[in-house]
Amino acid sequence: MGLTHEFFLVRSESDDEPVEQVVLSDNLVLYIQDSLRWIPSFNPSTQEDYFGLNYHGITLIRHEGANLLKDICLSWSRLFSLAPSTFQLTGDFVSDDNGNGYYEKLNCTRDDLTKSLLTLAAIAEMAFHENYIIVHHGI
C-alpha cells in the first residue's frame, strides 16, 4: 500500500484504545490535500491550533473539525463513486536522472476508495455527535 495516514477515533486525548480506525493511502491524502487544509485541528507537537493535517506527525481533530472532515469525505466519496470501477488519478510531478519529467499515474479502485472515505466520514460523524476526538498519524 505504500505510505499511509492512520485516523483513530478515541474518547479523549489521553486514550490509547481506539474505538474505530481507518487508513488512507498517502496518494489519496495528497490528492485531496487542498480541501483537508480547511479543517480546524490541533498540532500537539507545537501546541497550536492549526488547519489541516500534520503531514509527518500527529494531528488532533476535535468537534468542529470533525464535522467538516465528515462533509469533505462524503463529498469526495460521492465524486469518486461516479468513476469507473478502476481508474487513474494524476499524482506528483517527478523527473528522472536525465531531467525528463512526467506526472505519476495512480491506479485506483472505486469501491475501495469510496469505502475508505465513507468509513472516515462515519468516524468523523461519531466524533462530532459523541464528543470523541480523531487522532491522525501522518507518514
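**K70 and the helix pair**

I started with K70, which touches A121, A124 and E125 once residues up to four places away in sequence are left out. This is a predicted model, so I keep that in mind for everything below. K70 sits in helix α3, residues 63-80. Is K70 buried or exposed? I looked up its relative accessible area and got 15%; the cut-off for buried is under 20%, so K70 counts as buried.

Next I checked how α3 lies against helix α4, residues 110-130. Their axes come within 8 Å and cross at roughly 160 degrees. Anything over 145 degrees counts as roughly antiparallel, so that is the label for α3 and α4. I noted the crossing of the two helices as left-handed.

I then listed who makes the contact. From α3 I have H63, A66, N67, L69, K70, C73, L74, W76, S77 and F80. From α4 the list is R110, L113, T114, L117, L118, L120, A121, A124, E125, A127 and F128. Sorted by type, the residues of this contact come to 14 nonpolar, 4 polar and 3 charged.

**The cores**

Which residues touch the most other members of the largest nonpolar core? I found L36, L69, F80 and I134, out of 31 residues in that core. The elements giving two or more residues to this core are β1, β2 (20-25), α1 (26-31), α3, β6 (86-95), β7 (101-109) and α4. The largest share is from α4, with 7 residues.

Leaving out residues up to four places away in sequence, I134 touches F7, F8, L9, T59, L60, I61, A66, L69, I123, A124 and A127. There is also a second, separate core of 6 residues, and V10, F42, I133 and V135 are among them.

**F7**

F7 was on the I134 list, so I went there next. F7 is in strand β1, residues 4-10. Its relative accessible area is 2%, so I wrote F7 down as buried. F7 and I134 are 127 residues apart in sequence, yet their C-alpha atoms are 6.4 Å apart in space. Besides I134, F7 touches E20, Q21, V22, L24, L53, L120, V135 and H136, again not counting residues up to four places away in sequence.

**Positive phi**

Most residues other than glycine have a negative phi. I noted two with a positive value. Q47 has a positive phi of about 60 degrees although it is not a glycine. I place Q47 in the loop between β3 (40-43) and β4 (48-51). With a relative accessible area of 56%, Q47 is exposed.

N131 also has a positive phi of about 60 degrees and is not a glycine. Where is N131? I found N131 in the loop between α4 and β8 (133-137). N131 is exposed too, at a relative accessible area of 58%.

**D96**

My last stop was D96, in the loop between β6 and β7. Its relative accessible area is 35%, so I put D96 down as partly exposed. I also checked D96 against G138: they are 42 residues apart along the chain, and their C-alpha atoms are separated by 27 Å.

Terms used: Residues numbered from 1 in each chain as written. Predicted model: local features only at pLDDT ≥ 70, side-chain atom pairs only at ≥ 80, totals over all residues. Heavy atoms only, no water. Helix = DSSP H or I, 4+ residues; strand = E, 2+ residues; numbered from the N terminus. Buried < 20%, exposed > 50% of the residue type's maximum accessible area, 1.4 Å probe, protein only. Contact = heavy atoms within 4.5 Å. Axes fitted to C-alpha atoms, helices over the stretch in contact; angles between N-to-C directions. Parallel < 35°, antiparallel > 145°, perpendicular 65-115°, else oblique. Left-handed = near helix turned anticlockwise from the far one by under 90°. Nonpolar A, V, L, I, M, F, W, Y, C, P; charged D, E, K, R; others polar. Core = buried A, V, L, I, M, F, W, Y, C linked by side-chain atoms within 4.5 Å.
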